[in-house]
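Biologist: I have the sequence and the model open side by side. Please take me through it one question at a time.

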Amino acid sequence: MVQWYPGHMAKALREMEEKVKLVDLVMVLLDSRIPLSSLNPKLKSMFNNKKILYIFTKADKADKSLTEKWINYYSVNGNKAIAVDARDKKTVKIVEREALELLKEKRAKDALKGLKPRPIRTMIVGIPNVGKSTLINTLCGKKVAVVGDKPGVTKSQQWTRINQTLELLDTPGVLWPKFDDEKVGFNLAITGAIKADILRNDDICIYFLGLLKSYYPDAIKNRYNVEILDDLNETLIKIGESLHFYLGNKDIDIDKTALYILQEYRNDYLGKMTLDRL
Ligand code: G4P
């Protein structure tokens with residue numbers, strides 16, 4: 001995980017502002033499980049006058065009913081949100097349809113002026129791990145190397161023709177996640193968007209258990225046959241006991257237990273869940 005420093009951020013923003021000028025439509029990727037925590041705070045001002053298609057990736061891992069609500073939340077001010085599995089080929093048609101719909105008026109105006117229709121130019125932006133390279137590969141039907149995860153690294157931009165309708169800038173814009181809110185940091189760590197080198201696994205897991213207690217109270221019981229208690233530390237120990245994660249003595253290996261639970265969540269063993277609420 002690359003550490004973002006103010007210099008990196010300023011540079012990434014400048015580069016992105018330049019790229020944004022070249023496109024008709026910006027595709028902002030958000031993680032369906034954390035549609036708010038995966039949003040970079042600077043986005044709004046940067047894409048002021050551009051049409052935005054918010055693409056929620058990893059929809060296959062999220063809570064469908066909440067995804068619907070978040071789609072409505074983002075589908076305002078002439079912008080649109082959709083939820084996809086970025087690995088699925090069907091996503092190409094969906095993105096094409098939505099891009100055409102968002103640019104309908106502009107294209108109609110151009111046609112009135114006698115301008116020949118040209119492909120819609122678009123680019124993908126989002127925080128690391130949200131699915132940018134996956135979506136680029138799905139849209140372009142080939143492996144495109146993504147170098148953008150290293151702030152400051154650029155390569156010459158290329159337009160890749162997806163089909164008659166769409167052209168994609170093959171270097172995505174990489175944005176840093178926002179950390180100013182502790183909850184956001186935890187949500188990013190739980191979903192694996194950031195590596196937990198700043199946060200401890202047991203702290204992340206305790207926070208996660210707290211969310212489950214409010215939002216998905218049966219998930220832990222169903223998986224580990226352990227009730228979520230008011231005392232979340234105690235709950236973590238009980239889960240460790242049920243998994244037989246003992247240290248040499250009678251103590252529970254808390255770190256191993258915490259990491260195990262988090263990995264089970266990331267690999268969908270605890271169910272499809274959304275952690276950000278409206
Ligand atoms: P990035 O370019 O934005 O950094 O993200 P990238 O495409 O590399 O995707 C990160 C991980 O997320 C990849 O898993 C990728 O397969 C997975 N992914 C992306 N979109 C989707 C989606 O819509 N659904 C699901 N289920 N997975 C998706 P990975 O290579 O296994 O990496 P990791 O999970 O081990 O980090």
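Biologist: Let me begin with one side chain: is Arg87 buried or exposed?

Modeller: The cut-offs on relative accessible area are under 20% for buried and over 50% for exposed, with partly exposed in between (1.4 Å probe, protein chains only). Arg87 has a relative accessible area of 56%, so this residue is exposed.

Biologist: What kind of model is this, and what is left out of the side-chain values?

Modeller: This is a predicted model, in which local features need pLDDT of at least 70 and side-chain atom pairs count only at pLDDT 80 or more, while totals for chains, interfaces and linings use all residues. Residues are numbered from 1 along each chain as its sequence is written, and side-chain values use heavy atoms, leaving out hydrogens and water.

Biologist: Which residue meets Asp85 in a salt bridge?

Modeller: A salt bridge here is a side-chain nitrogen of Lys or Arg within 4 Å of a carboxyl oxygen of Asp or Glu, and the count comes to 21. For Asp85, the N to O distance is 2.8 Å and the partner is Arg87.

Biologist: How many residues apart in sequence are the parts tied together by Asp268 and Lys61?

Modeller: Their side chains meet in a salt bridge at 3.2 Å, N to O. Asp268 lies in the segment after α11 (254-266) and Lys61 in the loop between β2 (51-57) and α3, so the parts they tie together are apart in sequence by 207 residues. Helices (H or I, at least four residues) and strands (E, at least two) are DSSP runs, numbered from the N terminus.

Biologist: Where is Asn225 found?

Modeller: Asn225 has a positive phi, near 55°, in a residue other than glycine. At 60% relative accessible area, Asn225 is exposed. Its place is the loop between α9 (219-224) and α10 (232-243).
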